[in-house]
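Subject: Structure handover

Hello,

Here is the structure I promised to pass on. Please open it alongside this note, and then read through what turned up.

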Amino acid sequence: MQREVMTVWNRCLNVIREIVPEQSFNTWFEPIVPLRLNGHVLTIQVPSEFFYEWLEENFVHALRKALDTAIGRDGQLEYSIIVDKGNEQNRPLTVNVPTTKTPQTAKPDNVNPDILKSPFQLKDLDSLSLDSYLNPTYTFDNYVEGDCNRLARQAGYAVAERPGVTSFNPLMIHGGVGLGKTHLVQAIGNYIKNKSQNKFVLYVTSEKFTNQFLNAIRTDSIRDFTAFYMQVDVLVIDDVQFLQKKEKTQEIFFHIFNHLHQSGKQIIMTSDRAPRALDGLEDRLLSRFKWGLSADLQTPDLETRIAIIQKKLQAEGIYIDNTVIEYLAHSVNTNVRELEGVIVSLIAQASLNRRDIDLELAKQTLRNIVVDSEREVTIDSVQETVADFFNVTIADLKAKSRKRELVYPRQVAMYLAKEKTDLSLKSIGYHFGGRDHSTVIHAIQTISDLVSKNAETRASIEKLKAQFK
């Protein structure tokens, strides 16, 4: 009898395999166990009521066709649902239910895998679906490599080529805000998704993961939640630092992490700091974060900033003079996100005002973006303030003249630029007529000595500083 059941069920599977996507087949049909064949009634065992509901909701057409082929038009299906797995002393508790839907009342089940929604959506876990949640615009092609990110980018590319196979598992990318962590990990995910279409890649923020877990607790579907994540081939989880002090979420993530890692699946994470600095995470979780590779992203250097601007402009199909590009690269050195924001604003200003992008428009755009002048003093505002105070022009501050009446204001401006902005010595020198960084160091040292020894200089500097508040 058992042999006959297996034969009939294998015939059904052969039909179903031709109809549904491979990912769906592996997820929803491989776990099914054929129990018995009683006349024209085939009984199959499924692991949960939720599983049964999903089959009835989405695959009744495939099941009907399979029964027609394996048993005939009179074939019927009955589910044996495990409601309690039991233990060694007590047998599993099951409940039998006949099929409740007909092909006429059910949804079509030949669904494209790219748009097939997860059953968790039916239980208010709104973000779990077979959509990878990757932004297709994040690719390796538009990720600019520099000294600040070379290790992370090259490790990411190695993982993208051979997910789960390299020693970089897990791969942890860490760094400050706006340095390109999300871009890089999503570029890895997109590369894998496009190259290996049989692998399911999932991108999720740790905040989303936590909310899904809380919903699973509320709806009594933790087992289904865990089962879904354990089937992912490549898990990309963003901002793991937000798992700090969430003990239950860390526990479920620990089990999912272990299962994926032991199964040879790839895990990719981002954090705003290195694993050793992640206080509030369990030691057992932190130790696993250190199994693979941790690569940090630094603030981009001048050359990388120039390359980022050029890449962004090229993507927009816009040409601007190299003088403007260098000005922007020297003026914005905090992070990539802010730099790209300035470029977008600059393009918008040029379009709205119907004018070319020149140095004056770049300066004006930067002034408009700066909101908190106490926190974000620009090199331009320093030069303007100092020029007005000493009754000279900005051109005088940038000129090559060595006259005493110009050298002193210039040195004061350099001193204040170093104190009030985040610009490097090289960038400050650029804004003062392309002077060498050693000239800037000399100017800063000269004014520092005068401030400590000369009351008049000290008073002048205090007056100037007050104008920035």
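Of the 469 residues in the protein, 47% are buried. Keep in mind that this is a predicted model. The secondary structure comes to 20 helices and nine strands. Take the contacts between residues at least 6 apart in sequence: 72% of them join residues at least 24 apart.

The annotated site

Start with the record. UniProt, in an unreviewed entry, lists Gly178, Gly180, Lys181 and Thr182 under "binding site". Gly178, Gly180, Lys181 and Thr182 are also in the lining of the second largest pocket. That annotation may be inferred rather than shown by experiment.

Two of these residues are worth a look. Gly180 sits in the loop that runs between strand 5 (171-175) and helix 6 (181-195). Leaving out residues up to four places away in sequence, Gly180 touches Tyr143 and Leu297.

Lys181 belongs to helix 6. Is Lys181 buried or exposed? Its relative accessibility is 9%, so Lys181 counts as buried; the cut-off for buried is under 20%. With residues up to four places away in sequence again left out, Lys181 touches Ile173, His174, Gly175, Gly176, Thr270, Ser271 and Leu297. A polar atom of the Lys181 side chain lies 3.1 Å from the backbone oxygen of Gly175.

Next, go to Gln266, which lies in strand 8 (residues 266-271). Gln266 has a relative accessible area of 0%, so it is buried. Which side chain does Gln266 join in a polar contact of 3.2 Å? The partner is the side chain of Asn169. Beyond its neighbours within four places in sequence, Gln266 has a list of contacts that includes Val159, Pro163, Gly164, Phe168, Asn169 and Pro170. Leu171, Asp233, Val234 and Leu235 are also in contact with Gln266.

Pro170 lies in the loop between helix 5 (150-161) and strand 5.

Leu235, another contact of Gln266, is found in strand 7. Leu235 counts as buried because its relative accessibility is 2%. Its contacts, not counting residues up to four places away in sequence, are Leu202, Val204, Tyr229, Phe253, Leu260, Gln266, Ile267 and Ile268. How many residues apart in sequence are Leu235 and Ser132? They are 103 residues apart in sequence, and 9.5 Å apart in space, C-alpha to C-alpha.

Helix 8 and its surroundings

Helix 8 covers residues 222-229. Its buried residues are Asp224, Phe225, Thr226, Phe228 and Tyr229. What do these buried residues of helix 8 pack against? Three helices are among the partners: helix 3 (49-58), helix 7 (206-218) and helix 9 (247-262). Strand 6 (201-205) and strand 7 (234-238) are partners too.

Two positive phi values

Two residues other than glycine have positive phi. For Asp220, phi is about 55°. Asp220 lies in the loop between helix 7 and helix 8. Its relative accessibility is 72%, so Asp220 counts as exposed.

For Lys245, phi is near 65°. Lys245 lies in the loop between strand 7 and helix 9. At 73% relative accessibility, Lys245 counts as exposed. The cut-off for exposed is over 50%.

A helix pair

Last, look at helix 15 (residues 379-389) and helix 17 (residues 404-420). Two packed helices are described by the angle between their axes and the distance between the axes. Here the angle is about 145°, and the axes of helix 15 and helix 17 are 9 Å apart. Helix 15 passes helix 17 in a right-handed crossing.

Which residues of helix 15 meet helix 17? They are Ile379, Val382 and Val386. On the helix 17 side, they meet Pro409, Val412, Ala413, Leu416 and Ala417. An α-helix has 3.6 residues a turn, so residues three or four places apart point the same way.

Best wishes

Terms used: Residues numbered from 1 in each chain as written. Predicted model: local features only at pLDDT ≥ 70, side-chain atom pairs only at ≥ 80, totals over all residues. Heavy atoms only, no water. 1 Å grid on protein atoms, 1.4 Å probe; cavity = no way out; pocket = protein on both sides within 12 Å on 5 of 7 lines; lining within 4 Å. Helix = DSSP H or I, 4+ residues; strand = E, 2+ residues; numbered from the N terminus. Contact = heavy atoms within 4.5 Å. Buried < 20%, exposed > 50% of the residue type's maximum accessible area, 1.4 Å probe, protein only. Polar contact = N/O pair within 3.5 Å; in protein donor to acceptor, adjacent residues only side chain to side chain. Axes fitted to C-alpha atoms, helices over the stretch in contact; angles between N-to-C directions. Left-handed = near helix turned anticlockwise from the far one by under 90°.
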